Amino acid sequence: MAVNNTKLAAVADAENPAVMCGDVDDSVSQSSIDFAGRANWLRAAVLGANDGLVSTASLMLGVSAVKPEARAMVVSGFAGLLAGACSMAIGEYVSVCSQRDMEIAELDQAGKRGGEEEKALPSPAQAAAASALAFSVGALLPLLAAGFIVGYNLRVAVVVVVATLALAAFGCVGAVLGRAPVARSCARVVVGGLAAMAVTFGFMRLFRASGV
């Protein structure tokens, strides 16, 4: 009986090889597509947070180079957070709208308007909200670091240290999601962010020296 069952199973497998292999390949392919889509969204969120961190920290340090008061530094950072988040949201909304319009035009030509393909198109509002949120999360880090410190030198040092650690973390996450070398990615992100902060602080320091 065991031999007969084995033979029947072998015959069934031989008669339907394409179906069995096709089923496995489809599930694996679908899983790969889903994972790639999630990874791209996460990577975009990390890049948005990185932009918020670098631009806001640089702005705060630049203002502090001219006006050492804590209020000026925090207010400038908060203004940078709002302006940057709005700019990111508007830019992402316009970009996704343009992409959506082109894809809808292609669906019209193919006669597939109103089907599942149209429902799967990206949402401009969702993309705008995600972009603004990611930027705001990154911008909050230097703001929180500077908001509770009175001394000027310590406040500047804490902002730089917090920004450096956060940049290293963002670089690691981005490297893992993008399957890039972690050490090289972290170094590139940290060096770039520190360079942006140093250039902004140094350039604005010239205005203080000239009495502007």
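Among contacts in the protein chain between residues at least 6 apart in sequence, 74% join residues at least 24 apart, a contact being defined by heavy atoms within 4.5 Å. The structure is a predicted model, in which local features need pLDDT of at least 70 and side-chain atom pairs count only at pLDDT 80 or more, while totals for chains, interfaces and linings use all residues. Residues are numbered from 1 along each chain as its sequence is written, and side-chain values use heavy atoms, with hydrogens and water left out.

The protein chain contains 7 helices and 0 strands, the elements being DSSP runs numbered from the N terminus (helices: H or I, at least four residues; strands: E, at least two). Along the sequence the pattern reads α-α-α-α-α-α-α. Of the 212 residues, 28% count as buried; here buried denotes under 20% relative accessible area, exposed over 50%, and partly exposed the range in between (1.4 Å probe, protein chains only). The chain exposes about 12,900 Å², of which carbon and sulfur atoms supply 68%.

The unreviewed UniProt entry carries the annotation "transmembrane region" for residues 127-150, 156-177 and 189-207. UniProt positions are given in the numbering used here, feature names are shortened, and such annotations may be inferred rather than shown by experiment. In the model, residues 127-150 are 83% helix and 0% strand, with the end C-alpha atoms 38 Å apart. For residues 189-207 the corresponding separation is 28 Å, and this span is 100% helix and 0% strand.

The largest nonpolar core comprises 25 residues, and those with the most contacts inside it are L53, L61, M73, V159, L167, F170 and M197. Helices α2 (17-66), α3 (70-110), α5 (124-146), α6 (152-178) and α7 (182-209) each supply at least two residues of this core. The largest share, 7 residues, comes from α2. A nonpolar core is a set of buried Ala, Val, Leu, Ile, Met, Phe, Trp, Tyr and Cys residues joined through side-chain atoms within 4.5 Å. Leaving aside neighbours within four places in sequence, L61 is in contact with M73, V156, V159, V160, M197 and F201.

Not counting residues up to four places away in sequence, S76 touches L59, M60 and V63. S95 is also found in α3, but is partly exposed at 43% relative accessibility.

Aromatic pairs were assigned to rings of Phe, Tyr and Trp (its six-membered ring) with centres within 6.5 Å; planes under 30 degrees apart count as stacked, over 60 as edge-to-face and the rest as tilted. By this rule the count is 1 aromatic pair. The ring centres of F203 and F207 lie 5.6 Å apart with planes at 70°, so the pair is edge-to-face. Both residues belong to helix α7, 4 residues apart, about one turn of the helix. F207 is partly exposed, at 33% relative accessibility.

A search of the whole structure returned 0 disulfides, a disulfide being a pair of cysteine sulfur atoms within 2.5 Å. C86 is partly exposed, with a relative accessible area of 47%, whereas C186 is buried at 12%.

Terms used. Areas by Shrake-Rupley, 256 points an atom, 1.4 Å probe, with all protein chains shown as cover.
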